[in-house]
Amino acid sequence: MRDFVPPCQAACPAFTDVQGYVALTALGRFTEAYDVARLTNPFSNSCGYICFRPCEQNCRRASVDQPISIMELKRAAAAFGEACGPDPESASNGQFHMQRRNLGGEAKRIAIIGAGPAGLTAAQDLVAAGHKVTVFEREPKAGGMLRLTIPNYRLPDTALDCDINEVAATGVKIKYGQELGKDFSIDELRADNDGVIIATGLPFSRSLPVFPTEGDNVYTAIPFLKAVKAGNPPALKSRVIVVGGGNVAIDVARTAVRLGAKEVNLVCLESRDKMPAHDWEIEEAAAEGVNLNCCLGPSKLVSSGASVEGLTCQAVSRVFNEEGRFDPQFVPDKFLTVAGETVIVSIGQGRDTSALRSAEVDITKEQPRDVFMAGEFATGPGSAIGAVQNGHVVAAAVAAFLTGKPAAVYEPAVLADLPERMRPLVPARQRRTGMTRPSADRVRDFELFEPGLTEVEAAREGLRCMACLSGAVVDPEKCIACLTCVRVCPFEIPKIGADNVAVIDTAECQACGLCATECPAGAITLRRGQEERLLDEAVAAAAAAKQVDFYCMNRLYNDADELPQGHTIVPAMCIGQVSELLMLEALRAGAAKVNVSLCPEEGCFFGTARDRTIARVASVQATLTELGLEPAMIAIKE
Amino acid sequence: MIVGQRKPIDEIYAMIVANDVKKLLLGGCGTCVTISFAGGEKEVAELTAALELKATSDGWTLEITQLTPLRQCEPEYTREMADAVKAADAVLSLSCGVGVQTLAAEFPGKRVLPGVNTMMLGSHSPDRLFIEYCGACGDCILGETGGICPIVRCSKSMLNGPCGGSVNGKCEVSPDIGCGWQLIFDKLNELKLGATWDEVTTARDWRPSWHGGPRRLESK
Ligand SMILES: Cc1cc2nc3c(=O)[nH]c(=O)nc-3n(C[C@H](O)[C@H](O)[C@H](O)COP(=O)(O)OP(=O)(O)OC[C@H]3O[C@@H](n4cnc5c(N)ncnc54)[C@H](O)[C@@H]3O)c2cc1C
Ligand code: SF4
Ligand code: SF4
Ligand code: SF4
Ligand code: SF4
């Protein structure tokens, strides 16, 4: 059977097990949640602040109310869990959640240029595969653009430090202050290593032909943001004009506001709804007082002597041609001048290939087999998580090249949208996001503009997740078409199909587990190993606390004024997942008391679960009585 | 189908202790008793857990192996159990009595204990109420009685209408039992066959039923 994944996971470029860590966050198990998030994304802590979150755009909950705040839960996991490895230099016995893995095989030497998300992800993967990896970074710190340019009001250094420390702790060696083209050449690296990865990103800021790139009071985005982050912000003249409509331009504009610019005017070719920047970023900038001047193309810098006075722009009639290609056209004779004393151009970044052309072979034209390109250097502008993904892909390619073994391909199918008929049945639940500081307050500093969710809020937000794809699967070999599942499902999902075997629509199933626990032939299992998980957790709780409290997520959600406390709680999607066998196993594992929580009748989303649970508990009690054991060892908790 | 009901666990446990069983094979049956929630894979697992719980609390060493073939009433299927049967001190069968006996015949010298009471030939409704429908009498007369069997659905197996104990459609044996003949009467009326009500059923040949000793049937 082909594997399915929920769309959140499929949408994450790094294939993050979103459901896995969201479920753990829901229980306040932040450290474990962090471990899950980090498994495929070494920059998970940073991504918790700055990711463009394609996962949320694909979350199935959106068709019920709003998507889960997936990104913020990643942030919460790192913030509230024991996330950060200590400084690797002093960390001989530190606690790291990523174990050093050595998958064996012959260790090869690999050099990576650039310690951004792509370079470090590839480095971590290759170390995990048993190779020796050295990363060469020209700056004194790692993190790439996240370190150098992304403003601190969006990404705190502590989060990035945490990610970097964890990567280093896996055994990745980073050499700082090492610049390609200055401290070493690509040919030297090739001579010393079995493989070289270029992951130098896009360090150049583009400028416009219409005026000089840099000069008094004319800046480009990357040097400007770099200078601000390095603690040497340029003194901005009173009114600032930012040219560009992308996310970087927005960062520039919001940074200018924080540096005390009297007025910030953003000028871009696109109309408001076609601006490449994310909607939420545009709204946040506007709230901070950034003025948007859309559909304008800069044509001439207005200056008197050395001082800038404004920017003359021409009205744009279209930006893209019929084929969707960038081909701006202007309205003849329609000009206007935006006044301002400083101009910052933020119209895109480019790669630096100077040191590559001079190599033995011009690597920009012809790529030797031992040289690989990763991250934005290879893909062009993208996102942090996109660079992480590409780092994984390139690491796999490098490993395959070095060992001669082809990389494994895993292509699961993606779970379809929640079918129309199911949508009204799922109870609506308000999405929680970290509060945003009032704009008047936040523009005064570079502190985080969003304080983030509290622990309790994060847990409740996590409980909104529908656990898509942890539902029922029928084993056709075992099904005897007894109709039990058909009768017990609260949503009439199972049907007896044409070949006299029960069929359960994966997209409809709400994972209550009732059919699986009732199927007398043991033909139904729950995906993602729910039964084993429940059993493991029940056994662990019984061993640790002599008590097991089976809870359903529904009830936890409704009760959750505080985090689920103690080691006794074993959460199930629905209490229907808790079988008689599981109750007995909990007792057998040494629990002196097993509580099975019930939702109030009106509060239960899974209609038949209540009655079945009452019947199951009664049956286990009867069994205990028959055996001369204490029936009160198991009880319903209303 | 054959409807079974799992025996009370104390009775089962007592049999295990009385027979000094240390290694038990718990054999389910994947057909009728599975459907009647008495002896399928699920009940086998639950019973295992319950027995082990009890044994542990008693300090009785009991090792249970679980196995649920498709049907215990066919030697071809029970043969799959041979190794497990050999390794066990005794087998506790959760099939109907047919399965228990097939097993015992298949494995001479091995104690086969029944874990299920075979209850009836019946059917169940979505609310899990099992009702007896057929007495396997060997001479079916459902054609004359509107499809309702007087042999099992009338407490006294009356063939010519109700006894004097039919009160408001209920049987005098219990108010939970509908009077079989009331059901037949209503059904015949529904089928507009009320007239046949008057026809006297002639003396019945009970020889094909259990009154002629154990039945054998050669299928042509
Ligand atoms: C202002 C800004 C805001 C952004 N905001 C977001 C956001 O909110 N969300 C998001 O997902 N993405 C965002 N991005 C994009 C994200 O930062 C990039 O996609 C990501 O950093 C690319 O990773 P990379 O590893 O390919 O390259 P980089 O991060 O650029 O890393 C390249 C590394 O190589 C080093 N290097 C370069 N040249 C040399 C050399 N010659 N020798 C040695 N080392 C060298 C650099 O110092 C750097 O450390 C933003 C980018 C910018 C510029
Ligand atoms: S890394 Fe980004 S896309 Fe992936 S799960 Fe996290 S927020 Fe979503
Ligand atoms: S509801 Fe949960 S599992 Fe489903 S798509 Fe959203 S985050 Fe993923
Ligand atoms: S409950 Fe199990 S055996 Fe019965 S129809 Fe459903 S899948 Fe098949
Ligand atoms: S009973 Fe629950 S788990 Fe089974 S199909 Fe219905 S919703 Fe899914």
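A:Val242 has its place in strand S8, residues 239-243 of chain A. Because its relative accessibility is 0%, A:Val242 counts as buried. Now follow the chain to A:Lys405: this residue is 163 positions along the chain from A:Val242, and the two C-alpha atoms are separated by 50 Å. Keep in mind as you look around that this is a predicted model.

## Sequence distance and distance in space

Here are some residue pairs to find in the viewer, with their separation along the chain and their C-alpha distance.

| Pair | Apart in sequence | C-alpha to C-alpha |
|---|---|---|
| A:Val242 and A:Lys405 | 163 residues | 50 Å |
| A:Glu537 and A:Ile569 | 32 residues | 8.5 Å |
| B:Cys140 and B:Asp176 | 36 residues | 26 Å |
| A:Ala115 and A:Val135 | 20 residues | 6.4 Å |

Let us take the other starting points of these pairs in turn. A:Glu537 belongs to helix H21 of chain A, which covers residues 530-545. Is A:Glu537 buried or exposed? Its relative accessibility is 16%, and buried means under 20%, so A:Glu537 counts as buried.

A:Ala115 is in a loop of chain A, between strand S2 (109-113) and helix H7 (117-128). With a relative accessible area of 0%, A:Ala115 is buried.

B:Cys140 takes us to chain B, where this residue lies in the loop between strand S7 (130-134) and helix H7 (150-153). B:Cys140 is exposed, and its relative accessible area is 61%.

Next, have a look at the backbone. A:Asp333 is a residue other than glycine, and its phi is positive, near 65°. You will find A:Asp333 in strand S13 of chain A, residues 326-339. How much relative accessible area does A:Asp333 have? The value is 70%, so A:Asp333 is exposed.

A:Leu469, also a residue other than glycine, has a positive phi near 75°. This residue lies in the loop between helix H18 (455-462) and strand S18 (472-474) of chain A. A:Leu469 is buried, with a relative accessible area of 5%.

## Aromatic rings and charges

To describe a pair of aromatic rings, we use the distance of the centres and the angle of the planes. Over all chains, the count comes to nine aromatic pairs. Why is the pair of A:Phe136 and A:Phe184 called tilted? The ring centres are 5.0 Å apart and the planes stand at 50°; planes under 30 degrees apart would count as stacked and those over 60 as edge-to-face, so this pair falls into the remaining class. The pair links distant parts of the chain, 48 residues apart: A:Phe136 is in strand S3 (residues 132-136) of chain A, while A:Phe184 is in the loop between strand S4 (173-175) and helix H10 (186-192) of chain A. Both A:Phe136 and A:Phe184 are buried.

A:Phe320 and A:Phe326 make an edge-to-face pair, with 6.1 Å from centre to centre and 70° between the planes. A:Phe320 counts as partly exposed because its relative accessibility is 38%. A:Phe326, at 52%, counts as exposed. Elsewhere in chain A, ring pairs link A:Tyr153, A:Phe446 and A:Phe449 into a cluster.

Rings can also have a charged group over them, as chain B shows. The charged end of B:Arg128 sits over the ring of B:Phe37, at 4.5 Å from the ring centre. B:Arg204 lies over the face of B:Trp206, with 4.4 Å to the ring centre.

Finally, turn to the ligands. Where does ligand 3 sit? It sits in the second largest cavity. Among the residues that surround ligand 3 are A:Cys8, A:Cys59, A:Cys465 and A:Cys468, as well as A:Gln19 and A:Arg60. By class, the shell of ligand 3 has eight nonpolar residues, one polar and one charged.

The residues around ligand 2 include A:Cys12, A:Cys51, A:Cys55, A:Asn41 and A:Lys74. Helix H5 (54-57) and helix H6 (70-80) of chain A are the elements that give two or more residues to this shell. The shell around ligand 2 divides into seven nonpolar residues, two polar and one charged.

Methods. Residues numbered from 1 in each chain as written. Chains lettered and ligands numbered in written order. Predicted model: local features only at pLDDT ≥ 70, side-chain atom pairs only at ≥ 80, totals over all residues. Heavy atoms only, no water. Phe/Tyr/Trp six-rings, centres within 6.5 Å; stacked < 30°, edge-to-face > 60°. Helix = DSSP H or I, 4+ residues; strand = E, 2+ residues; numbered from the N terminus. Buried < 20%, exposed > 50% of the residue type's maximum accessible area, 1.4 Å probe, protein only. Lys NZ or Arg CZ within 6 Å of the ring centre and 35° of its normal. Near = heavy atom within 4 Å. 1 Å grid on protein atoms, 1.4 Å probe; cavity = no way out; pocket = protein on both sides within 12 Å on 5 of 7 lines; lining within 4 Å. Sits in = over half its atoms within 2 Å of the grid points. Nonpolar A, V, L, I, M, F, W, Y, C, P; charged D, E, K, R; others polar.
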